[in-house]
Amino acid sequence: YDETKLNAEDEKLQEELILQQLQARKDKKEKRRSLNVQPTAPVPEDTGTEDVAEDHVATESIAPETTEEVDKERDEQRTTEVDEAQPEETPEGPDKSKQLNDFIVLGGDRLQRLKRADEVLPPWLSHPIIIDSDLSGQGPSIKKQTYLDATLRDNLKAMGYKRLFPVQEKVIPWILEAHAKPAPFWPRDVCISSPTGSGKTLAFAVPIVQLLLKRVAPAVRALVVLPVQELAEQVYGVFEKLCQGTKITPLVLSRKQSFQQEQAKLVYTLHGQFIQKADIVVTTAGRLVEHLHSTAGFTLRHLRFLVIDEADRVMNQIQNDWLYHLNKHVKQQSDEYLLGRTAGQLSQTELFDRPQQPHKLLFSATLSRDPEKLQTFKLFHPKLFTAVRDPTERAIALSKSGAGSVKQNAAVRRGKFIGQYTTPAELRELVCYTQFRIKPLTLFALIRQAGYRKFLVFTNGIDGSHRLSFVLQRLFGTEMVIEEWSSSLTPATRRAVLHRFSLGKVNGIICTDALARGFDIDDIEIVVSYDMPRHISTYIHRIGRTARAGNRGTSITLLIDEEKKKFNSMLKEAGKEELEAVEIQSSVEEEYAGKYSAALNDLRDALELEKQ
């Protein structure tokens, strides 16, 4: 008889003890889960050591089948202990993790898509002056605007203008009033976001000419910067007509004339001194940098106005770093910074004797809200004028007080400012779905079916414009005159094409987005986006070539099925709904299928010859 060995009764008691411990742990675990309470660290029980010793003794003496049962129970005990310890590392509850039956998904709260947060707009962007975008109404008569000089009113009448558009009605008197205030009340810089064709050019040209009428000696007092040469020449034409009968001399700096001819029109030498000859300079950014570095005597120390038309595109012209060179030039000439400086101690000298900074005017139909880009201009206490088309949005913008409007006003102070992507009310926007292989044929059928005689077709590249113009020329034959327009052509050729198009001698122009900004051509019936635009601002400027100055117009975007979702998402960014689709008669496409196939064969041969 060995007293160290357990008998059958002792073995039975040991098994019952183990089962009780397992059941107690299980009940404790279920209670914690039901109460959803953070478990505390497990406290070792006093019986733990004795259990281990007794288990060790029992293992040496019990029967084989009893040993297997005890081992099984021990495995269950270890599993239970692991399960019990797991919640201590990961907090339970619906807020912390996602529970699936007996499993806990770690990091379940991070699987949800986060809501996009728009940046908070600064006060000058969130509280603009609202402009009506409807040009169909009768604006105020120009001849009754007594604040305008008589010569200016006569020139506007000679140009064919009888009434002011909404943007001109708001901006022109505001600028004139701002410059009428004495020092040290400097005029606030102005940003205007208004639809294409709403009269933005006259909105800055008229007040500038009015304020320069009493100048004594010629000097560059207004600088107008534009993105492309053709647009600079167009704006110069407006200034030239406005300055008729006055002493003011406008000048355009572009590659239409030689560099030496432009230098001769800018300055001349008298008794060893340089004399300025121009009052208003209209130029592109690149040409401006060339004259700043290469034209002796050219100075901007008397500059009073800096106008940046199509401002969002000019902002992106960083290849010339024209703002840096302009600011550096002004600093060297007058020991003052063009784009602002750090103010010194408040004093009589600081307020009254310091020369005031040029009045900066930014214009665009899709003005950027990027604070980093706007910061480069160092705007002085800017004021935003923006056009609103939607009556509901307009009512929200105009409401400045009232309990019911507080929440609405707060909502529009994030993301885009009001009216950033406004389009003319007279514009009808459509889409046309087609297949990629017959896209040129669909365009041909669309124009022929509707009977359009003056249209623009936009592509996303030079090669696309070249190929499409060739195919359409073959399809229309002598029925219509189709021309290509892109940066691959010489400036003289581009000017000739636009001139013939404005006279009605060319029916359609197949062009790139270089023609999408600022160009004012009358009576364009329809604008077609053959290739889907890459950005919403490109779309806004494309369709803005029609429905200008209160006239009606149509825009159609050709889409294949794969582009529909992306295009609708882009429209949503501008606050637009899904557009109405226009159908093409299949009989027209079938009728000209053979002619289309022959045109494609001719295109292949022509491209091969061009390569050779």
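In which order do the strands of the open sheet of eight strands follow one another? The order is E3-E12-E4-E11-E10-E5-E9-E6, with parallel pairing.

The model is predicted: local features need pLDDT of at least 70, side-chain atom pairs count only at pLDDT 80 or more, and totals for chains, interfaces and linings use all residues. Residues are numbered from 1 along each chain as its sequence is written, and side-chain values use heavy atoms, with hydrogens and water left out.

**View 1. Overview of the protein chain.** The protein chain holds 23 helices and 19 strands; these are DSSP runs numbered from the N terminus, helices being H or I of at least four residues and strands E of at least two. Of its 612 residues, 47% count as buried (under 20% relative accessible area; exposed is over 50%, partly exposed in between; 1.4 Å probe, protein chains only). Among contacts (heavy atoms within 4.5 Å) between residues at least 6 apart in sequence, 79% join residues at least 24 apart.

View 2. Strand E3 (129–132) and strand E6 (250–253) are the edge strands, each pairing on one side only; two strands pair if DSSP finds at least two bridges between them. Neighbouring strands are turned by 15° against each other on average, direction ignored. Within the sheet, strand E4 (residues 190–193) and strand E11 (residues 359–364) run parallel and are joined by four bridges. Serine 193 stands opposite serine 364 in E11.

View 3. Helix H8 (residues 229–242) touches strand E5 (222–226), E6, strand E9 (280–284) and strand E10 (305–309), and its direction makes about 165° with that of E9. Helix H9 (residues 259–266) also packs on the sheet, where H9 touches E6 and E9 and its direction makes about 155° with that of E6. Axes are lines fitted to C-alpha atoms, for helices over the stretch in contact, and angles run from 0 to 180 degrees between N-to-C directions.

View 4. Is phenylalanine 165 buried or exposed? Phenylalanine 165 is buried, because its relative accessible area is 19%. Apart from neighbours within four places in sequence, phenylalanine 165 is in contact with Ser198, Gly199 and Ala549. Serine 133 is 32 residues away from phenylalanine 165 in sequence, with 9.2 Å between them in space, C-alpha to C-alpha.

**View 5. The open sheet of seven strands.** The strand order is E15-E16-E14-E17-E18-E13-E19, and the pairing is parallel. Strand E15 (482–485) and strand E19 (580–581) form the edges, each pairing on one side only. Four bridges join E15 to strand E16 (residues 508–511), the two running parallel. Glutamate 484 stands opposite isoleucine 510 in E16. H18 packs on this sheet and touches strand E14 (455–458), E15 and E16; the direction of H18 makes about 175° with that of E15.

**View 6. The crossing of H18 and H23.** The axes of helix H18 (residues 462–476) and helix H23 (residues 593–611) come within 9 Å and cross at roughly 135°. H18 is therefore oblique to H23 (under 35 degrees counts as roughly parallel, over 145 as roughly antiparallel, 65 to 115 as roughly perpendicular and the rest as oblique). The crossing is right-handed, the near helix being turned clockwise from the far one by less than a right angle. Residues making the contact include His466, Phe470 and Arg474 of H18, and Tyr596, Leu603 and Glu610 of H23. The contact residues divide into nine nonpolar, one polar and five charged (Ala, Val, Leu, Ile, Met, Phe, Trp, Tyr, Cys and Pro count as nonpolar, Asp, Glu, Lys and Arg as charged, and the others, Gly among them, as polar).
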